[in-house]
Amino acid sequence: MNMLTFPSEAELNEAAAGVITDLVRTKPHAVIGLATGGTPVGIYRTMIRSYQNGMVSYQQVTTFNLDEYVGCSVEDPQSYACYMQEHLFRHIDVQPMNIHIPDGSVRDPEAECRRYDERLEAVGQLDLQLLGLGHNGHIGFNEPDHSLISSTHVVALRDETRQANARFFDDPGRVPTHAITMGVGAILKAKKILLVVKGSDKADIVHRALTGEIKTECPASLLQTHPNLVVMMDEEAGRHFR
Ligand code: PGA
């Protein structure tokens, strides 16, 4: 595990975006797993800047997002599909046909999970998976439980996750109860994982996840088993490692 802490959020964003742009420059047809939430926003902003400066092209890149809310259509401003357009995709030259996000609006979410796994299996392995970290130790929407699911699946969101995400909704009562998430199988199969953690409120969980017992009640603890894990934190999140 390669663990790095940064004195400012700008430097952290720069370094994390650099991992992605370096990969794309050396492997233009890279397959990249992307995340949503508050953590990646600044990373995506930095990626957009280097694209606009002509330093990188995403023309041949394929992306897979970790998750989507059940019941959210692409047009829904709260959907992760919409988030990705807003924060990254519409600003860069990634090809729409190479973008993969589970469709939360389908009538049969279980069938959508199988379809997503078929697409993941077709590419074989993600070159890089970008991850944020939930306060309860979730990765993607793989919530703490007595067992974890390897494949893409429908998950009931925990109350603490719905509360944490309520900040993105005008009406907190509208936070969906379920999501489709990539399972831990595809995440851990990625050639490289970049875990980005920001803020003092994540200091305890990132320390527990990376140094504590490996157990499904803390899904991020499974990352300890990955042979090529890079962890980037700001000083607040990394304070227990000093
Ligand atoms: P955040 O969410 O980036 O909005 O803190 C991370 C996560 O829940 O995985």
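# Cavity, pocket and ligand site

The lining of the largest cavity divides into 10 nonpolar residues, one polar residue and no charged residue; here Ala, Val, Leu, Ile, Met, Phe, Trp, Tyr, Cys and Pro count as nonpolar, Asp, Glu, Lys and Arg as charged, and the others, Gly among them, as polar. The model is predicted, so local features need pLDDT of at least 70 and side-chain atom pairs count only at pLDDT 80 or more, whereas totals for chains, interfaces and linings use all residues. Residues are numbered from 1 along each chain as its sequence is written, and side-chain values use heavy atoms, with hydrogens and water left out.

**Largest cavity**

- The whole structure holds one cavity of 30 Å³ or more (on a 1 Å grid over the protein atoms alone, points where a 1.4 Å probe fits but cannot get out, with lining residues having an atom within 4 Å of a point).
- The space in the largest cavity comes to about 60 Å³, a volume being that filled by probe spheres set on the points.
- Its lining consists of Ile 20, Ile 32, Leu 34, Met 47, Tyr 58, Val 61, Thr 63, Leu 88, Phe 89, Ile 92 and Val 94.

**Largest pocket**

- About 460 Å³ of space lies in the largest pocket (an open set with protein on both sides within 12 Å along at least five of seven lines).
- Its lining has 25 residues, of which Leu 133, Gly 134, His 138, Asn 165 and Lys 202 are closest to the pocket centre.
- By class, seven of the lining residues are nonpolar, 12 are polar and six are charged.
- Helix H5, residues 159–165, contributes the most to this lining, with four residues (a helix is a DSSP run of H or I, at least four residues).

**Ligand site**

- The ligand takes up the space of the largest pocket (more than half of its atoms lie within 2 Å of the grid points).
- Around the ligand stand Gly 37, Gly 38, Thr 39, Gly 132, Leu 133, Gly 134, His 138, Arg 167 and Lys 202, each with a heavy atom within 4 Å.
- This shell comprises one nonpolar, six polar and two charged residues.
- Polar side-chain atoms lie 2.5 Å from a ligand oxygen atom for Thr 39, 2.6 Å for His 138 and 2.8 Å for Arg 167.
- Taken alone, the ligand exposes 280 Å², and the protein buries 85% of that (Shrake-Rupley method, 1.4 Å probe).

Technical notes: A polar contact is a pair of N or O atoms within 3.5 Å; within protein, one must be able to donate a hydrogen and the other to accept it, and residues adjacent in sequence count only if both atoms are side-chain atoms. Helices (H or I, at least four residues) and strands (E, at least two) are DSSP runs, numbered from the N terminus.
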